Amino acid sequence: MPPKLMGVVNVTPDSFSDGGQYLDPAAAIRHGEQLVRDGAAILDVGGESTRPGAVEVDEAEELRRVEPVVAKLAETAAVSIDTSKLAVAEAALDAGASIVNDVTAFKHQPEMAALCAERGVGVVLMHMPGNPRTMQDDPRYEDVVDEVKAFLAERMEFTNGQGVEEERIWLDPGIGFGKTLEHNLELLRRLGELRGLGRPLVVGTSRKSFIGKVDGSAVEDRIGGSIASSVLAAAEGADVLRVHDVAEMAQALAVTNAVLG
Ligand code: HH2
């Protein structure tokens, strides 16, 4: 099965690659609708940047950004809400979102797991050591794949223990979150080992700085690296690819599929 595409809709002034482009709700909605036409099966709506060193956004502001966008886009696509805040997740689910994507894997607000259980929605649990403000301070692992795998297994057990059925849990190695270039490359190379966790894998490499570290490219020039890393992740068994450039990625997957048959 070819992976599904999760299109990124950042309703923020400061996201690392498209900050400010879709802060206006009408622009974010138009963008999301275009991503669906381009081939996105899921739209991931976020109102707070998680880039290293990003400014924390208060709850009311994050809610104000995402709620109208989720409400409108949920009419045409499956929407995931990219948040670590309980109140934002709750409002987004009320507005029609059907997946909660938490980069802290419910470590920031563990009550989010019970909310997801009660609503019967899907969850994405991602690996990140610490928080976005500290995660890039000299990250170290004995074996990055083993440690990410153990972290995800523990968070899955916690989430399941809070009542979320295992079938609703997706896992994400958190490319770029608390990892050096070598850690990111190793995770992509050995992604298949995470299949042992038995749950669908979400992978987000799109436009990330590890690509720039490979070839010196600026953030607006990383589509080639985003596509190459996403296709390789798909070959290693990724089920969902979180991408900004949905049309280009859909074409790359179509050609990959046509060749592989
Ligand atoms: N990456 C980003 C944000 N959320 N969620 C998951 N599950 N996996 C990821 O790899 C992931 C994520 C960072 O990308 P972006 O949203 O474009 O940037 P920012 O956090 O600056 O808004």
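## A tour from loop to pockets

Select A105, which lies in the loop between β4 (99–102) and α4 (111–119). Helices (DSSP H or I runs of at least four residues) and strands (E runs of at least two) are numbered from the N terminus. The model is predicted: local features need pLDDT of at least 70 and side-chain atom pairs pLDDT 80 or more, while totals for chains, interfaces and linings use all residues. Residue numbers start from 1 along each chain as its sequence is written, and side-chain values use heavy atoms, without hydrogens or water.

**Stop 1**

Is A105 buried or exposed? A105 is buried, because its relative accessible area is 0%. The cut-offs are under 20% for buried, over 50% for exposed and partly exposed in between, with a 1.4 Å probe and protein chains only.

Now select F106. F106 is also placed in the loop between β4 and α4. Its phi, near 70°, is again positive in a residue other than glycine. F106 counts as buried, at 0% relative accessibility.

**Stop 2: the largest pocket**

The largest pocket holds about 510 Å³ of space. To find it, select F16, T50, R51, F177 and K208, the closest to its centre among the 37 residues that line it. A pocket is an open set of points on a 1 Å grid over the protein atoms alone, with protein on both sides within 12 Å along at least five of seven lines; a cavity is a set where a 1.4 Å probe fits but cannot get out; lining residues have an atom within 4 Å of a point. Points are joined across faces, edges and corners, and the volume is the space filled by probe spheres set on them.

Colour β1 (4–10) and α7 (209–215): each supplies at least two lining residues. α7 gives the most, with 3. The lining divides into 10 nonpolar, 16 polar and 11 charged residues. Here Ala, Val, Leu, Ile, Met, Phe, Trp, Tyr, Cys and Pro are nonpolar, Asp, Glu, Lys and Arg are charged, and the others, Gly among them, are polar.

**Stop 3: the second largest pocket**

The second largest pocket has about 290 Å³ of space. Select E48, S84, T104, H108 and R133, which are the closest to its centre out of 18 lining residues. Its lining has 4 nonpolar, 8 polar and 6 charged residues.

**Stop 4: the cavity**

How many cavities of 30 Å³ or more does the structure hold? There is 1. About 40 Å³ lies in the largest cavity. Select its lining: S206, I223, S226, I227, V243, D245 and M249. Helix α8 (residues 223–235) gives the most to this lining, with 3 residues. By class, the lining has 4 nonpolar, 2 polar and 1 charged.

**Stop 5: helix α9**

Select Q251, found in helix α9. Q251 is exposed, with a relative accessible area of 57%. Draw a distance to G39: the two C-alpha atoms are separated by 9.2 Å, though the residues are 212 apart along the chain.

End on V259, also in helix α9 (residues 246–260). V259 is exposed, at 67% relative accessible area.
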